[in-house]
Amino acid sequence: LLKALAHAYNDPYFEGVIFRRTSPPLRAAGGLFSEAKKLYSSLNPHVREKDMEILFKNTKGGNIKFTHLENENDAEGNHQGLQYSMVGFDELTHFTQSQFLYLIGRLRSESVTDSFCMGTCNPDPDSWVMNWVEYYLDDGGFPRNDLCGKIRHFLIVDDKPKFADTPEELEAEYPELVWVDDPVTNKKVYVPPLTFTFISGTINQ
């Protein structure tokens, strides 16, 4: 919520969306929409309760919407053609990888900041998310402090992430995925791999 606020409160072109798999947890006590209203209250934003949307009109900023992806086809069905500055997933393991990848494809906007995606999750070794984070874990499945926060580059190959330490490594192995045809100019254009990192968290009593 703070990461979204850092951009939304003073960037009129910022369009953020944060998902839970279903809507009720967003409004429940401690849910993201409920907490966001309290956290952002000092800025006196305009809150649209029915739509679960917070607009920062008073600070000439953008907006943050809270919604769900309950059904598999909700990603494409409700977000096709849309453009987001930020996409957030609360409990990423509750979503499917196809939903995650489709929404990453919506990351394009006129916002001052580069568009980005964030996800939170609890450990689940049987989830598709393991393919994304296993590099950062030790043999026992615990996060390695020396790797957490390290930025890696990736491409999606056969619906799975392929990682490398540099974009040049991926370009050499998958040139057809980083050099694509521009239908307007009929020339090859370079589309750089995306970046990814994992940051662990613990709660100590």
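User: Which residues is tryptophan 132 in contact with, leaving aside its neighbours within four places in sequence?

Analyst: This is a predicted model, in which local features need pLDDT of at least 70, side-chain atom pairs count only at pLDDT 80 or more, and totals for chains, interfaces and linings use all residues. Residues are numbered from 1 along each chain as its sequence is written, and side-chain values use heavy atoms, with hydrogens and water left out. Contact means heavy atoms within 4.5 Å. On that basis, the residues in contact with tryptophan 132 are Gln97, Phe100, Leu101, Phe154, Ile156, Pro161, Phe163 and Phe196.

User: Which members of the largest nonpolar core touch the most other members?

Analyst: A nonpolar core is a set of buried Ala, Val, Leu, Ile, Met, Phe, Trp, Tyr and Cys residues joined through side-chain atoms within 4.5 Å; buried means under 20% relative accessible area, exposed over 50%, and partly exposed in between (1.4 Å probe, protein chains only). The largest such core has 24 residues, and those that touch the most other members are Phe19, Phe89, Leu103, Trp132 and Phe196.

User: Which helix supplies the largest share of this core?

Analyst: Helices (H or I, at least four residues) and strands (E, at least two) are DSSP runs, numbered from the N terminus. At least two core residues come from each of S1, S5, helix H5 (97-104) and helix H6 (130-133). The largest share, 4 residues, comes from H5.

User: Is strand S1 largely enclosed or exposed, and why?

Analyst: Strand S1 spans residues 15-20. Two strands pair if DSSP finds at least two bridges between them; S1 pairs in the parallel sense with strand S4 (residues 63-68) over 6 bridges, and 4 bridges join S1 to strand S5 (residues 86-89), also parallel. Because 5 of its 6 residues are buried, S1 is largely enclosed by the rest of the structure.

User: Which residue forms a salt bridge with lysine 37?

Analyst: A salt bridge is a side-chain nitrogen of Lys or Arg within 4 Å of a carboxyl oxygen of Asp or Glu, and the structure holds 9 of them. In this one, the closest N and O atoms are 2.9 Å apart, and the partner of lysine 37 is glutamate 49.

User: Is histidine 7 buried or exposed?

Analyst: Histidine 7 lies in helix H1 (residues 2-8). Not counting residues up to four places away in sequence, histidine 7 touches Phe14, Thr113 and Phe116. With a relative accessibility of 19%, histidine 7 counts as buried.
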